[in-house]
Number of protein chains: 2
Amino acid sequence: MSQSCDNILLTDLYELTMLQAYFDSGMNDVATFEFFVRSLPARRNFLMAAGLELVLDYLCRLGFRDSQLAELERTGHFSPRFIQSLESLRFTGSVDAMPEGTVFFSEEPILRITAPLREAQIIESRLINLIHYSTLVASKAARMVLAAPDKRLVDFGLRRAHGSEAAMLSARASYLAGFSGTATLLAGIRYGIPVFGTMAHSYVQAHEHEIEAFEHFVRSQPDNAVLLIDTYDTEAAAVQVVNLAQRLAREGLYIKGVRLDSGNLGAHARHVRRTLDASGLRQISILASGNLDEFRLRELAHSDAPIDGFGIGTRMNTSADAPYLDCAYKLTEYMGKPRRKRSEGKATWPGRKQVFRRLDADGRIESDCIALEDERQPGAALIAPVMHDGVRIGAAGSLDASRDRARRELDSLPPDLAELEPATAFRPNVSAALVELARQLDAGIARERRLPSR
Amino acid sequence: MSQSCDNILLTDLYELTMLQAYFDSGMNDVATFEFFVRSLPARRNFLMAAGLELVLDYLCRLGFRDSQLAELERTGHFSPRFIQSLESLRFTGSVDAMPEGTVFFSEEPILRITAPLREAQIIESRLINLIHYSTLVASKAARMVLAAPDKRLVDFGLRRAHGSEAAMLSARASYLAGFSGTATLLAGIRYGIPVFGTMAHSYVQAHEHEIEAFEHFVRSQPDNAVLLIDTYDTEAAAVQVVNLAQRLAREGLYIKGVRLDSGNLGAHARHVRRTLDASGLRQISILASGNLDEFRLRELAHSDAPIDGFGIGTRMNTSADAPYLDCAYKLTEYMGKPRRKRSEGKATWPGRKQVFRRLDADGRIESDCIALEDERQPGAALIAPVMHDGVRIGAAGSLDASRDRARRELDSLPPDLAELEPATAFRPNVSAALVELARQLDAGIARERRLPSR
């Protein structure tokens, strides 16, 4: 596979053709773009912001290498003068954003870019690509955390993630949302996330006898042996685990856990737990995996199935019941003048905005208000500066700090929004000043329509 | 973002702990693994194989760099002797597979790896990651091609793809399945796919007047100007396009097309077409985009909406109605002996297999038979050798050749399977010899259960 993660040419062609048009007509005044989600998927009562740190990393490194300029030239779409102008392109703008882990709702901007037009434009495709997916996964994983708050949840999703970067970003986003770790080794190394692992059916099958497979593994991973016991017959394998544990204990070797991956997980867990406990092996934990979503997790947690942790893959990192968000990155101001798109069903709020949140006496979200940036509204402002003149303000946020924030944010959800079932949609208020600004702009656009400029 | 696409540590931790256990017990005989999809999503009548060339690239380059071995050491999970053994690890095995673009069904292996056990094991996570997603997208995109066979379909999906690699792989897989190109510049460059682009709403909004935006763009991209006309009022913008086209024609400048992105696309297209045609601008094409799936495409195509091409993003490259496949990569033979997993609901067919396909007199798929590799069955064998001793057999398959094959394969679908609505599931036959082998293995496993080996 070609290396694409960090390549400025990973963009839509139109970002560059627009840039050339801006260049040709000398347009490069300060523009403000905002990223927001128009409306929440039917199965989401809230979303959780994620991906900001990745966007800031991307912006810090933005620029064209010579080889990339040569590739642009070969496309035949661009003039030599324009290509030359790209040599010095860097991101020199400002970023204001909700920190990662913040809960947010429809139409609320979670990230604002203020920069010379060309810089703010060219980052569009990749910025959305990074923040959309991270937010999608954090929002899904947060539901799983709410469904089984006292269980260890581990990302098992590399194989069915949509490509390599999805595996990396979903390990990060799910940890941020409250997962305990990931099975993806590289994500653990790069992001400092705890890494967990068990064994595959192929490992068991490659041995003539299941118990040999178990014994080899415990001897090879004496501190970390979680044995997969459903390859042939789960309950029979549990008996073998007891025999093996008793034999190995004489050598000071211990089995850490067993994993169930098929059948009725709750029933198997009860049976296996009884088998283990009857031989005094209470310290062997039980993990379960296999097409789990938040509803199965809740069912297993509520039924007091003796399962200590869950491996969760596909449904988390594809956000299977809502695999995308209706998000946008829209121009809201240019040359100091507010801008508004009026496309049917996709109209946007103009101007630089802030979101104010009021909590009730219990610390739960009471109301949000989308207002203009310079307004004062009751409540806490959720959007704060994080980059100025292309330079980060302060140190990079740590993932663990974001994870702590995410936990507090989940605690601030009103009970109905914390449920898995759809609640009455939480709708932010819109300030009177913002409504008025939109009205004035619409009137201006309508005037122009009646009197075409040429 | 960290570069992860080509990093051997992008794997599940357990692949490496299993490898250490194999190493510690001296297991490295020849193993065969097969990749297959257990059952098709309810909304898919067939799947289309894709991703093989990416897997072969990955296998050709497999190996640990010193820095990666050092990172492994730092995890504390592995012994120095084991880590040293990884220094020389390369892929030296064989690959047999259905070529990209082949239509296939449940339980049919589409790729077989035969290699020393450790090599065949360590590639598992990334191999599935590459081939699952490519196949998922090709299968979805093929439905869109069937829904609008005479229209130009272009991948617009970078922004909501699940990370960078998903954007690249989905541009490739959708082109393979019959799309005409992609908006993702880097995918166009790397895979030789035609690249298309229009403009964004922000481009229009950044200008004081919409018509100025249009004129700047045509002057900057005289051969390639597709104007987005729904930012404020689609029909009014179409009138402006006519005025502009007539004025610019005197300078020899032409407008290539317009794009609709909101509202009732069919109705807008009819209105805009009439406006353009009334002024003799028949050569200006109409593109449409905005949350399109195969059903909307079919509706617009069947209603004779005058739309020449479609930009298709999110629903294609997230495969929104079926965002994952129930796929697996399973050990089917080790040390010359067939292996079988018997987990509840997840049992697998043992041994090295072949798929034979019979066509009817019209060249349509009549029946498939999953058989043992050394059986002779009527029909054409779909699986062929593509790599031997770690070396590709012949040159890399070209993407355009795979695209041609995909078109022929879609032509070979029986009419009910080519429909968008769910048909009666097509079930491959299983040869008598394969059924018998599974029975014998089960009997052997049952015997072992009654007489534990220790």
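**A guided tour of chains A and B**

Select A:Arg159 and B:Glu15, which form a salt bridge whose closest N and O atoms are 3.8 Å apart; a salt bridge is a side-chain nitrogen of Lys or Arg within 4 Å of a carboxyl oxygen of Asp or Glu. This is a predicted model, in which local features need pLDDT of at least 70 and side-chain atom pairs count only at pLDDT 80 or more, while totals for chains, interfaces and linings use all residues. Residues are numbered from 1 along each chain as its sequence is written, chains are lettered from A and ligands numbered from 1 in the order in which they are written, and side-chain values use heavy atoms, with hydrogens and water left out.

**The interface**

Next, display both chains. Across the interface of chain B and chain A there are 12 salt bridges. Residue pairs in polar contact between the two chains, both at pLDDT 80 or more, number 56. A polar contact is a pair of N or O atoms within 3.5 Å; within protein, one must be able to donate a hydrogen and the other to accept it, and residues adjacent in sequence count only if both atoms are side-chain atoms.

On chain B, select helix H1 (residues 13–24), which gives the largest share of the side that touches chain A, 10 residues. Helices (H or I, at least four residues) and strands (E, at least two) are DSSP runs, numbered from the N terminus.

**Two helices of chain B**

Now select H7 (residues 164–177) and H15 (residues 399–411) of chain B, whose axes come within 7 Å and cross at roughly 50°. Axes are lines fitted to C-alpha atoms, for helices over the stretch in contact, and angles run from 0 to 180 degrees between N-to-C directions. H7(B) and H15(B) are therefore oblique to each other; angles under 35 degrees count as roughly parallel, over 145 as roughly antiparallel, 65 to 115 as roughly perpendicular and the rest as oblique.

**Two helices of chain A**

Move to H6 (residues 124–147) and H13 (residues 294–302) of chain A, packed at an angle of about 10° with axes 8 Å apart. H6(A) and H13(A) are therefore roughly parallel to each other. Residues that meet here include A:Met144 in H6(A) and A:Phe295 in H13(A).

**A link within chain B**

Finally, select B:Lys353 and B:Glu34, a salt bridge with its closest N and O atoms 2.7 Å apart. B:Lys353 lies in strand S14 (residues 353–359) and B:Glu34 in strand S1 (residues 30–37), 319 residues apart.

Methods: Contact means heavy atoms within 4.5 Å.
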